Amino acid sequence: MNLPTSTRPDPRTTPLPRLAGKVALITGAAQGIGAATARLFAQHGAKIVLNVLEDNTLAQRTLAAIGEEDALLYQADVTDVAAVQRMLDIAVARFGKLDILVNNAGINVFNDPLKLSDDEWTRCFEVDLKGAWNCSRAVLPIMLQQGAGSIVNIASVHGHKIIPGCFPYPVAKHGLIGLTRALGIQYAAQGIRVNSISPGLILTPIAEAGFAAAADPVAERHRQTEILPTKRIGEPEEVAYTALFLASDEARFINATDILIDGGRSQVYHD
Ligand code: NAP
């Protein structure tokens, strides 16, 4: 729509919504980074498909924060290919298109390699890597038909650096960064961008659970804070803002790459 100059919002005084007219699917959106991303995207004008594993109080709270008019809540396990496809069909029926996919759903599987069961290995890869592929495979035909789309994968600093005893999570996250590059290159000429974000420690329920599992949760939280150059833990909104940039047209020449958000921690060689 071409507004007459006098009625156009003045970009110097009125910030334009950065995702106006876009539709975004965010997986694992009930809490943590996914919920923060969903709220921020909605504030910037996107319609949101909130994928949740369970339709619980947290999921309903995220839906209420956005409003039912602008969001569709859909319960699906990202490891279930048929459920993911049903979610996409319903999303497109409701909003008419799909511009952005944020593959955020993830689980921590941290073990000593030789103590790891086959079930743990399978579950980690099914959720953290195959889940992202299941959702990407379902949205790619829609994006290809539109000739445009942006996929943002939430990887991890574990996809760059190794912490002993966290196996096989870093293997899956390295794979997710590989998936980002492979799909980003494969579909670049058709208008689709695929990028990833690698957060360091971010204060979400998954991180809180990690502290709680330590022998001394308060001391563990203090230790993990002190090893960060910033001397503070990251916040979900700080990841969400990077996802917003990558998902938006502002990042239209950024493809097949990864952005670390870890306060610089991964650049430290020795403490
Ligand atoms: P979180 O608070 O545990 O949120 C993850 C969400 O994913 C939860 O709502 C969870 O649902 C959902 N989920 C898990 N398995 C799923 C499945 N099979 N299908 C659909 N949804 C599923 O974790 P977070 O910290 O926000 O993490 C989000 C992403 O960031 C993950 O990929 C994680 O690996 C990555 N990350 C986090 C950190 C950090 O420090 N927090 C650092 C690096 C990377 P339920 O709650 O119902 O299980």
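A polar contact is a pair of N or O atoms within 3.5 Å, where, within protein, one atom must be able to donate a hydrogen and the other to accept it, and where residues adjacent in sequence count only if both atoms are side-chain atoms. This is a predicted model, in which local features need pLDDT of at least 70 and side-chain atom pairs count only at pLDDT 80 or more, while totals for chains, interfaces and linings use all residues. Residues are numbered from 1 along each chain as its sequence is written, and side-chain values use heavy atoms, with hydrogens and water left out.

**View 1. The side chain of Arg193 and the backbone of Ala251.** The side chain of Arg193 reaches the backbone oxygen of Ala251 at 2.9 Å. Arg193 itself belongs to strand 8, which covers residues 192-199 (strands are DSSP runs of E, at least two residues, numbered from the N terminus).

**View 2. The surroundings of Arg193.** Once its neighbours within four places in sequence are left aside, Arg193 is in contact (heavy atoms within 4.5 Å) with residues including Gly149, Ser150, Ile151, Leu246 and Ala251.

**View 3. Arg193 and Asp249.** Arg193 is buried (under 20% relative accessible area, with a 1.4 Å probe and protein chains only), yet it has no salt bridge, a term for a side-chain nitrogen of Lys or Arg within 4 Å of a carboxyl oxygen of Asp or Glu. The nearest side chain of opposite charge, that of Asp249, is 5.2 Å away.

How values were computed:
Helix = DSSP H or I, 4+ residues; strand = E, 2+ residues; numbered from the N terminus. Buried < 20%, exposed > 50% of the residue type's maximum accessible area, 1.4 Å probe, protein only. Lys, Arg positive; Asp, Glu negative; His and termini not counted.
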